[in-house]
Amino acid sequence: MAKNKDLGNAKVAKKDEFYTQLEDINAEIVHYEEQFRDKTVLMNCDDPTWSNFWRFFHMEFERLGLKKIIATHYEDGEVQTYKMEYCGGNDENFEDGIRTDLTQNGDFRSPECIELLKEADIVVTNPPFSLFREYIAQLMEYNKQFIIIGNVNALTYKEVFPLVKENKIWFGASIHSGDRKFYVPDNYPLKAAGCGVDPNGRKFVRVKGVRWFTNMDYKARHNNLETAYSYAKKEQLYPELYSKYYNYDAINVNRTNEIPMDYDGIMGVPITFFDFYNPDQFEIIGLTSLADTMDKPVMLGQDFVDMYKSQGGTGHFSTNMYGVWYIDSEGKAVKPYGRILIKRKDRQ
Ligand SMILES: C[S@@+](CC[C@H](N)C(=O)[O-])C[C@H]1O[C@@H](n2cnc3c(N)ncnc32)[C@H](O)[C@@H]1O
């Protein structure tokens with residue numbers, strides 16, 4: 001087991017210290033197993049002493065037919081960092097491997113770590129959330145395959161969404177809702193919401209909105225989204241749904257499970273759509289809040305602001321803010337939260 005006490009003492013002062021559970025790693029990697037054969041896997045935000053990523057790939061080394069695993073970790077200050085490399089032989093003991101001190105501090109951006117990145121085929125880890133943008137950019141720059149943990153909202157970052165649109169990155173297979181448990185250092189304040197202690201005395205926190213981000217394909221990603229809704233039945237069954245936007249030629253859909261199966265034009269859908277996104281079924285047109293991803297930026301305009309204010313709206317909207325809006329069945333001006341614009345591509 002990980003050295004629980006060390007974990008608390010050495011890492012206590014740091015932010016970003018959330019340790020992924022073995023079962024969550026296992027539940028994701030199972031979807032890509034055959035793609036790991038003969039591959040070198042790098043975990044570059046992982047102290048092998050307590051990383052479950054290290055433990056998982058060490059334990060599964062033979063079964064997955066791996067070539068090599070490498071873990072490096074970051075320490076600010078004077079603490080010596082090291083890399084651990086393992087090429088098989090003794091799966092039972094996850095401390096088995098070649099340990100070499102690093103000369104730099106283990107930052108994933110340091111030249112030493114970049115050399116290891118070049119050597120790797122696949123990167124798997126839970127990187128520091130505060131550096132997610134840079135982390136992804138580096139993986140793309142070095143053209144690596146990856147399976148990493150992030151927050152659902154990272155999808156809408158201006159550095160990330162263009163990659164989503166170009167089908168260069170997508171959500172992984174196993175997490176699409178709810179929260180996940182992450183171990184935290186012993187001195188983590190237990191008052192924080194969602195905190196607890198497991199039967200082994202390890203502190204954890206439950207984190208919402210966690211997703212795997214990957215550029216490796218898996219089977220379920222090609223399953224079609226199916227709902228019970230039809231645009232042809234709108235007038236008869238649900239006239240209040242699918243308002244047309246006032247400032248963009250598309251219909252509004254408030255829930256992913258209300259996406260009509262027979263609409264061939266553009267639809268504005270919530271971000272949660274992405275948990276069901278099959279690139280063979282839908283094309284991504286843009287994200288309304290990001291002008292650069294749209295054919296032309298969509299701004300709210302004077303009409304919206306006037307109507308919204310005259311109806312007593314209190315949100316802070318201005319005419320040049322990006323976004324779509326519509327007039328609902330009761331005549332109210334509504335600006336939905338960020339919408340992904342999508343279009344069927346299998347019906348043309
Ligand atoms: C969310 S934690 C996850 C730890 C581990 N990968 C896991 O899942 O159990 C992120 C880790 O990244 C480390 N980290 C922070 N800044 C880093 C950097 N610049 N380079 C590499 N690792 C860094 C933190 O010390 C922390 O342990």
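Strand β9 (residues 179-183) and strand β11 (residues 203-208) run antiparallel to each other, paired over five bridges. Two strands count as paired if DSSP finds at least two bridges between them, and the elements themselves are DSSP runs numbered from the N terminus, with helices being H or I of at least four residues and strands E of at least two. Within this pair, Arg-180 sits opposite Val-207 of β11. β9 also pairs with β1 (residues 19-20), again in the antiparallel sense, over two bridges; here Thr-20 has Phe-182 of β9 as its bridge partner.

A quick word on what you're looking at: this is a predicted model, in which local features need pLDDT of at least 70 and side-chain atom pairs count only at pLDDT 80 or more, while totals for chains, interfaces and linings use all residues. Residues are numbered from 1 along each chain as its sequence is written, and side-chain values use heavy atoms, with hydrogens and water left out.

Now for the sheets. Strands of a sheet pair through backbone hydrogen bonds, either parallel or antiparallel. Eight strands make an open sheet with mixed pairing, in the order β5-β4-β3-β2-β6-β7-β12-β8. The edges belong to β5 (98-101) and β8 (170-171); each has a single partner strand, so one side of each has no neighbour in the sheet. Inside that order, β2 and β3 are parallel, joined over four bridges, and Val-41 has Ile-69 in β3 as its bridge partner.

There's another open sheet, this one of four strands in the order β13-β14-β18-β15, also with mixed pairing. Its edges are β13 (251-252) and β15 (282-287), each with a single partner strand, so one side of each is left without a neighbour in the sheet.

Next, helix α5 (residues 111-119). Its buried residues are Glu-112, Cys-113, Ile-114, Leu-116 and Leu-117, where buried means under 20% relative accessible area, exposed over 50% and partly exposed in between (1.4 Å probe, protein chains only). The cover over them includes β2, β3 (68-72), β4 (82-86), β6 (122-125) and α6 (132-141), with contact meaning heavy atoms within 4.5 Å. Cys-113 has a relative accessible area of 2%. If you're wondering about disulfides (cysteine sulfur pairs within 2.5 Å), the whole structure has zero. For Cys-113, the nearest cysteine sulfur is that of Cys-45, 8.8 Å away.

Cys-45 turns up again at the ligand: a polar backbone atom of Cys-45 is 3.1 Å from a ligand nitrogen. A polar side-chain atom of Asp-46 lies 2.8 Å from a nitrogen atom of the ligand, and an N or O atom in the Thr-125 side chain is 3.2 Å from a ligand nitrogen. The protein covers 95% of the 580 Å² of accessible area that the ligand has on its own, as computed by the Shrake-Rupley method with a 1.4 Å probe, where for residues only the protein chains shown count as cover. Of the 20 residues around the ligand, Asp-16, Glu-17, Thr-20, Asp-46 and Phe-108 come nearest; a residue is near if one of its heavy atoms lies within 4 Å.

Finally, look at Asp-47, in the loop between β2 (40-43) and α3 (52-59). Asp-47 is buried, with 8% relative accessible area. Its side chain makes a polar contact with that of Tyr-82 at 3.2 Å. A polar contact is a pair of N or O atoms within 3.5 Å; within protein, one must be able to donate a hydrogen and the other to accept it, and residues adjacent in sequence count only if both atoms are side-chain atoms.
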